[in-house]
Amino acid sequence: YFKNGQDRVNGKFPVGTIVVKHSTNPSGTVNEVTGMVKRGNNFDAAHDDWEYFMLKPDGTLMSDSTGMVMRGATLMGGMCAGCHGGASTKDYIFSK
């Protein structure tokens, strides 16, 4: 889901773009929501300023086993940015 159907502008998504997807368990209910938001202002200039986050089904931010909130440029040890780096020529978005 791209908030407001946002598209790239001159090859990049504008600051404020929000992209989310949900995963479901075998019974079809939502397990979690993962997302990214374009922050700008050199939030993470090396990865075009995207912040990654994970939400519980109720919309609140998830926390890991240590209590750390699941959001940021280096979420899950940089795994999100590392994977999305495979789409760096498309502003880190695979699906659009």
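Helices (H or I, at least four residues) and strands (E, at least two) were assigned as DSSP runs and numbered from the N terminus. By this assignment, the protein chain contains one helix and four strands, and the order of these elements from the N terminus is β-β-β-β-α. The structure is a predicted model, in which local features need pLDDT of at least 70 and side-chain atom pairs count only at pLDDT 80 or more, whereas totals for chains, interfaces and linings use all residues. Residues are numbered from 1 along each chain as its sequence is written, and side-chain values use heavy atoms, with hydrogens and water left out.

The overall dimensions of the chain were considered next. The radius of gyration, taken over C-alpha atoms, was compared with a globule rule of 2.2 Å times the number of residues to the power 0.38. For 96 residues a compact globule would have a value near 12 Å, and the 14 Å computed for the protein chain agrees with this. The C-alpha trace spans about 40 × 30 × 20 Å along its principal axes. Contact is defined by heavy atoms within 4.5 Å. Of the contacts between residues at least 6 apart in sequence, 31% join residues at least 24 apart.

Residues are termed buried under 20% relative accessible area, exposed over 50%, and partly exposed in between (1.4 Å probe, protein chains only). Of the 96 residues, 31% count as buried.

A nonpolar core is a set of buried Ala, Val, Leu, Ile, Met, Phe, Trp, Tyr and Cys residues joined through side-chain atoms within 4.5 Å. The largest such core has 13 residues, of which Val 19, Met 36, Trp 50, Tyr 52, Leu 75 and Ile 93 touch the most other members. Two or more residues are given to this core by each of β3 (50-55) and α1 (75-84). When residues up to four places away in sequence are not counted, Leu 75 touches Tyr 52, Phe 53, Met 54, Met 70 and Cys 80.

Several aspartates were examined individually. Asp 44 is located in the loop between β2 and β3 and counts as buried, with 13% relative accessibility. Beyond its neighbours within four places in sequence, Asp 44 is in contact with Asp 49, Trp 50 and Ala 73. The C-alpha atoms of Asp 44 and Ala 81 are separated by 9.9 Å, although these residues lie 37 residues apart along the chain. Asp 49 also lies in the loop between β2 (30-38) and β3, and is buried at 12% relative accessibility.

Most residues other than glycine have a negative phi. Asp 49, which is not a glycine, has a positive phi of about 65°. A positive phi, near 60°, is likewise found for Asp 91. Asp 91 is placed in the segment after α1 and is buried, with a relative accessible area of 0%.

Asp 7, in the segment before β1 (18-24), is partly exposed at a relative accessible area of 43%. Apart from neighbours within four places in sequence, Asp 7 contacts Phe 13, Pro 14 and Lys 96.
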